[in-house]
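Trainee: I have a new structure to look at. Could you walk me through it?

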Amino acid sequence: MQNLLISACLLGYCCRFDGSNNGPIPELIPLKRRYHLIPICPEQLGGLKTPRLPAERLGDRVINTEGEDITAEYERGANEALRMAKLFDCTAAILKSRSPSCGPTEVYDGTFTHTVVQRPGTTAELLAKNGLTVIDETQIAQLLD
């Protein structure tokens, strides 16, 4: 079986910014028959605590609701996620949509007005640049074809 990185919140780990989770999602059941799921939370890997202030991607920076620049923590987490992908020989990742770290194709724009822009989160961007297929939880069926 292949190894697959996955946002830990999708598996039910309480690592979201507010201390909650986004799962476990039922679409993962058939996936577990084909893949070993390697949970990651880039924000925690980057040294941020849970719970933490909400954050959004503003240009190439990541800021929280108090205006603090936490880009370094997000970049550290992305690098750790890439290290884990290499360590476990992963070729793909399922990451949480719209997360400033994990969103594969879109994120919130840094104005905290729920405005979405077409760009990846920091971890999704780094993994894709290093050859991983990066999808979100709505695209899991692609891995089952």
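Trainee: Which residues in the largest nonpolar core touch the most other members?

Mentor: Some ground rules. This is a predicted model, where local features need pLDDT of at least 70 and side-chain atom pairs count only at pLDDT 80 or more, while totals for chains, interfaces and linings use all residues. Residues are numbered from 1 along each chain as its sequence is written, and side-chain values use heavy atoms, leaving out hydrogens and water.

Mentor: In soluble globular proteins, nonpolar side chains tend to be buried together. A nonpolar core is a set of buried Ala, Val, Leu, Ile, Met, Phe, Trp, Tyr and Cys residues joined through side-chain atoms within 4.5 Å; buried means under 20% relative accessible area, exposed over 50%, partly exposed in between (1.4 Å probe, protein chains only). Here the largest has 18 residues, and Leu4, Ile6, Leu28, Leu31, Leu37, Ile94 and Leu143 touch the most other members.

Trainee: Which elements each supply at least two residues of this core?

Mentor: Helices (H or I, at least four residues) and strands (E, at least two) are DSSP runs, numbered from the N terminus. The suppliers are β1, α1 (28-31), β2 and β5. Apart from this core lies another, of 15 residues, including Leu82 and Cys102.

Trainee: What order do the strands of the open sheet have?

Mentor: Two strands pair if DSSP finds at least two bridges between them. The four strands run β2-β1-β5-β8, with parallel pairing. β2 (35-40) and β8 (133-136) each have a single partner strand, so one side of each lacks a neighbour in the sheet. Four bridges join β5 (residues 92-95) to β8, and alanine 93 has valine 134 as its bridge partner in β8.
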